[in-house]
Structure formats: structure tokens, C-alpha cells
Amino acid sequence: MPSQHHERNVLEREQFVRSNLCIGNDLRHGFASSVLVSSNETLVRCVDSIFTSITHTYIDRYKSTTLGETHILFQGFSIWIASYMFGFNHDDPVNCITRSGMVACFVIVILMSTIFSKKNGVKVLNFILVLGFLVSLFAYPLMWVSLGEKDPLQWLIVDFIMDTETRVYIILSWALALVLSLPILQASSKNFPRIVSRKLFHVLAVMMFLPVLYLDFDLLYFSLGIAASLMLLAECTRVLRVFRIHEILSRYMLSFTDERDMGTIVLSHFYLLVGCAIPIWLVPRSVENVLPASAGILSVGVGDAIAAVV
């Protein structure tokens, strides 16, 4: 009898997990998935209610996304957190430092937004000092522990970037492509309809990401995490109105924003990057998985751009 009761409980739990891991339009199912593995139904419902209220508070305060977009945003974030908490592979340093760095950046952005939330503008020096303090206090130790007590900077430069010449050449080509293309893309916004100039970023993403996916999967996996973190940090500086920096960023982004980006936070560029990156972050990194990993680049980078132009 105890054995049958245990088996019935296991089956009921599996059914509950499967029902809540379905990716639909409901935020509550999405975010509940991040705690299902190690919690009971009561805790899931508590988290469910908390993040439902957070969603509506976010929409009311920033007015940067629709309800559906916010549901998808939090849903994807919850799945990523679940994979971080329960899929952490300490034998894979690329996996460890990418996930740890992104989590650290997300926490730092939240903390800095809280610290400077009541200020009309933030001095560059104050911003840099607080950022440096939070990185040294939280981000660096987290990455140090995740790498098995290795120096993250030493690992990044010696063990990762300098590991192959091809990797160095790819990074240099990316830097050159950004330096040359960003001014050209801004100039194009004056000669083409805004929807077309925005989709040129999709073309740039495909040209930068797709070849590297076949040449160096690990580098692209890690670099997309760095890019997402830098985008979060850049948007944080713009929203907090860090003197001079926010003016440069706002002036550049104003060339590409439209009525869909009239909220406090601009997320269109972040959607493009994350849309390309999610399949790369979720599938195991191997030659056999290059095609499924390219699903985001092909659908968002190519499909969405063509659909918008047509």
C-alpha cells in the first residue's frame, strides 16, 4: 500500500509539472516552472501570485511592453532561471561563467535601479563607483565560485580567448563590423523608412552570428551572454539618465524607435538578441545541434525581417 500511494503521488506530481510547464500565454504557468522541480503546489501558487502582480506593476510603471509581450518576457526568464538552477554543469566553464555573469548583471541592474531610482540624473563617477562596488562584491565572487575558484579574468583571456587563433580573429572581425556598421545604420534611418532601417540590424545579426555558430559554438554561446548583459547595463544607464552617456545612447536609439518604443524602457534590440540566442543557450553545444541552435537566427534574423519588409 505505501508503495502504491507513493507511485500515485509521483504520477500526480508529474502530471502537475507537465501541465504547468506548457508554454502558453499565461505568465503564471511560465514563472511557476522555475520552482516546480523542488517545491510543492502551494509554493508554486505563491510565486504565481507574486509575479502576476509584478507583471502588472511593470506594465503600469514603464509602459514599455504589452501584456502579452510581458508574459512572454517573464515566461522566458523563468525557464532560463529554471535551467540555471537545475541544469548547472560545473564541468563546463563556458556554461558556468555565462550563466553566472548574466545572473550577476541582472541583479546589479536591479540594485542600481533601486539605488538611483529617486534621482533626476546620475553623475558618471557615482555610477562607475557603485557599479565597480557591486561587481567586486557580487559578480566577481559569483563567477569565481562557478569556475571552481578560478580567476574569471585569467580564464577569459588565457584559457578562452587565446585558446585558438580563430577565436581571436572572430572577435576582431566582430569589433570591426560594429565600428563600421553602426554609423552606417544610423545614417540609413534618414534615407529609408524606419521599419526598413530597423530590420537592417537583423541582417547584421545574421551576418555576425550564423557563420560563427558553425565555426565556434562556444564563442557564440558566451558572446551572446556578454552582449545581453551589456545591453541591460546600457539601458540601465539610459533610463537612470547617467550624465552624457544617456544623451549619446538616447540620440542614437531615437533614430530607430517608433510608436512601439514609446515607454520608458526600449527593448526592441534586446528582443532581437535574445530571440537569436535562446535556441543557442538551450540546446547542448555540439556539431549535431548546430541546425536546431540556428532556429532563432533564421526565424528572427531572417524571417521577421522579410515579413516586415514585405
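Histidine 246 is buried, because its relative accessible area is 9% and the cut-off for buried is under 20%. Keep in mind that this is a predicted model.

Where does histidine 246 lie? In helix H11, which covers residues 245-254. What does histidine 246 touch, leaving aside neighbours within four places in sequence? Thr237, Arg238 and Arg241.

Next, arginine 244. This residue is in the loop between helix H10 (217-239) and H11. Is arginine 244 buried or exposed? Exposed, since its relative accessibility is 67% and exposed means over 50%. Now look at the backbone. Arginine 244 has a phi near 70°. That value is positive, and the residue is not a glycine.

Glutamate 149 also belongs in this talk. Its phi is about 65°, again positive in a residue that is not a glycine. Find glutamate 149 in the loop that links helix H6 (124-146) with helix H7 (152-160). With a relative accessible area of 59%, glutamate 149 is exposed.

Now to the empty space. Rolling a probe the size of a water molecule over the atoms shows where such space is left. Take the second largest pocket. Its volume is about 520 Å³. Helix H5 (93-115), H6, H7 and H10 each give two or more residues to its lining. Which element gives the largest share of that lining? H5, with seven residues.

How many residues line the second largest pocket? There are 21. Among those nearest its centre are Gly101, Met143 and Ser229.

Notes:
Residues numbered from 1 in each chain as written. Predicted model: local features only at pLDDT ≥ 70, side-chain atom pairs only at ≥ 80, totals over all residues. Heavy atoms only, no water. Helix = DSSP H or I, 4+ residues; strand = E, 2+ residues; numbered from the N terminus. Buried < 20%, exposed > 50% of the residue type's maximum accessible area, 1.4 Å probe, protein only. Contact = heavy atoms within 4.5 Å. 1 Å grid on protein atoms, 1.4 Å probe; cavity = no way out; pocket = protein on both sides within 12 Å on 5 of 7 lines; lining within 4 Å. Points joined across faces, edges and corners; volume = space filled by probe spheres on them.
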